[in-house]
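I opened my notebook to look up a few things in this model. Here is what I went through, entry by entry.

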Amino acid sequence: MSFGEDTWEMCLFNVKDGFLEGVVRGYKQGLLSTADYNNLCQCETLEDIKLYLTGTDYGPFLANEPSPMHTTSLVDACTRKLVADWRYLRENAGEPLGRFLDYCTYGHMIDNVVLIVTGTLHERDVQELLEKCNPLGMFDAIASLAVAQNMRDLYRLVLVDTPLAPYFSDNLTSEDLDEMNIEVMRNTLYKAYLDDFAAFVHRVGGTTGEVMGELLSFEADRRALNITLNSIGTELTRDDRRKLYANFGLLYPHGQAELAVAEDFDQIRAAMEKCPPYQAIFSRLGLGETQMLDKILYEEEVRQLINTYEQQFHYGVFYAYMRLREQEIRNIMWIAECVAQDQKSRVQDGIVFTF
Amino acid sequence: MSSQNRYTVTPTVSVLAVMKGRLAGATKGHSLLKKKADALNMRFRQILRKIVETKEEMGKVMKASFFSLAQAKYSSGDFKHTVFDSVDQASVKVRASQDNVAGVKLPKFESVKEGGGAVDSKLGLIGLGSGGKQIQECRKSFMSAIDLLVELASLQTAFLTLDEAIKTTNRRVNALEHVVKPRLENTIAYIKGELDELEREEFFRLKKVQGNKKKHAEAAAAKEAEEAAAAAAQGSGTVANGSGAAGAQQQQQQGDILGVQDADIIF
């Protein structure tokens, strides 16, 4: 990166995106702190949690929730807050920030499309399916997904107009659409999405490219690790597994090659530990403790996301805000579940502290 | 003796025999039913103990299952519909069979795992990108919860059926003990009483007849003595003649009386 480009970025970033960066940094201040989490952990009932959250940024969204609280309604209310914030950001974004924000939500869009498609194939009620969709991944034509009776029609009529079209056309043939296991399809699409997103941030370049490159390669590696872990003992072949790894990341290509042939946790561990940043993660993990891996990876992700706020004039903060909010909603869900199920001794296991 | 609590029967020896037979039958039935009730009660208690144990275990397993569901949701978001859509056939089915306890048919349920490979491989890939392990854990713990649930259902149904059967049996035992048997006993006692009464009547009648006979005999003897006295007073010449005639006449009369009496007197 040349000095000139850097200066140019600093001079001109605020012209277009300065306002929204300010807004998103303000939103970030509204995230729950460690003290907040400690207080939430003391709650005895869901009502207490609601009461406490009313005093935070979630207040307006929780105020009208009817009294017998459920974990799901609590999580829904919190998600509405994120969606409202996100919508505000998107409406005020110029280019290329707008495209960047869209890219952030494609992951949810893939989930929604897969949800609707499989639901339609099993003749479920479209309205019910739409309610289940993640609101961040909604697009205008989503309801018409249900119209298509077979996968070929689906692609020709509906998907071709969505941003996801290239992922479908480049990676799946029409036979695949009919026969492929839905999870494999979802992960194939996700891989295509990650590759595309990485290419996009690279095109944007500058600090954005740098910061987002790091975040996305961590995401890619984590997915590779998860896919490997979860496919041990299933019918997924090594070649199929290899096809689901994204084409970048710290593990690409040699680590991925090792992951692809790994048959148990120790082999995965050996493959991952060749990469210095992951060696640190795995060294925190005792032998055989696969359960804790998820949490440690979440913690690592949160650490990286928070680091994005150390730099200015880049888009990474928007992505980081979305992911942090999502993690926070997961935390709240975990606390609420623990409280509702009377398992308060486990409550610390699921919380990833942000600040 | 209460005359109400008995069957209306004609008190005869043959009816007495029938009644005695019925009493013996009732006693036998009573003891058999009592044994059955005891057997049922024993089974009932067994089932009750098992139900309590299973319910306690159920509480624990369910708690663990729902917590693992929370864990799965934590690591992979809401995966409900994904699971819905990848299931086409039931992987656990319940088979009903019958169990026989002392003649009472108890329904029994067994859970049977079906499908196996095809279903497993399809569900095995859920949450491939994130949280697959937790979802599988969740699936496993709910599987064990379902097994318990089926067992509990089997026990509960058996419990209800058994309860009903025990009630019926107890009712029968009590009916035999407190209604049928006393009534039969009363009837037998009544018949015996009546028969005794008849016997006494007969005896009295015989006595009476015998008394009458004696009276007649005495009267006849007195009359004879009178006649003899009168004849002796009339003349001693005709004594031999008269007494000879009178003797013959009397003999004939006595033979007549015996002949008449014979038909009535048994001995």
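**Entry 1: one arginine.** I started with B:Arg171, which has its place in helix 4 (residues 132-234) of chain B. Helices here are DSSP runs of H or I with at least four residues, strands are runs of E with at least two, and both are numbered from the N terminus. Buried or exposed, I asked about B:Arg171? B:Arg171 counts as exposed because it has 12 C-beta neighbours inside 10 Å. The rule is that a residue is buried if 20 or more other C-beta atoms lie within 10 Å of its own, exposed if 12 or fewer, and partly exposed in between, with C-beta atoms placed from the backbone. I also checked B:Arg171 against B:Thr12: they are 159 residues apart in sequence and 32 Å apart in space, C-alpha to C-alpha.

**Entry 2: ground rules.** I noted that this is a predicted model, where local features need pLDDT of at least 70, side-chain atom pairs count only at pLDDT 80 or more, and totals for chains, interfaces and linings use all residues. Residues are numbered from 1 along each chain as its sequence is written, while chains are lettered from A and ligands numbered from 1 in the order in which they are written.

**Entry 3: chain B overall.** I found 5 helices and 2 strands in chain B. From the N terminus on, its elements run α-α-β-β-α-α-α. Of the 267 residues in chain B, 18% are buried.

**Entry 4: the coiled-coil record.** UniProt, in an unreviewed entry, lists residues 181-226 of chain B as "coiled-coil region". I noted that UniProt positions are given in the numbering used here, feature names are shortened, and annotations may be inferred rather than shown by experiment. In the model, that span is 100% helix and 0% strand, and its end C-alpha atoms lie 67 Å apart.

Entry 5: Strand 1 (residues 92-101) and strand 2 (residues 104-113) of chain B run antiparallel and are joined by 10 bridges. Strands pair if DSSP finds at least two bridges between them. I picked out B:Ala96, whose bridge partner in strand 2 of chain B is B:Phe109. The hairpin has 2 residues between the strands, and B:Ala102 takes a positive phi near 45 degrees. Strand 1 of chain B lies largely in the open, because 0 of its 10 residues are buried.

**Entry 6: where the chains touch.** Two residues are in contact if their C-beta atoms, placed from the backbone, lie within 7 Å.

**Entry 7: two helices in chain A.** I finished with helix 17 (residues 293-307) and helix 18 (residues 316-340) of chain A, which pack at an angle of about 145 degrees with their axes 10 Å apart. Axes are lines fitted to C-alpha atoms, for helices over the stretch in contact, and angles run from 0 to 180 degrees between N-to-C directions. Among the residues that meet are A:Tyr298 and A:Leu305 in helix 17 of chain A, and A:Ala320 and A:Leu324 in helix 18 of chain A.
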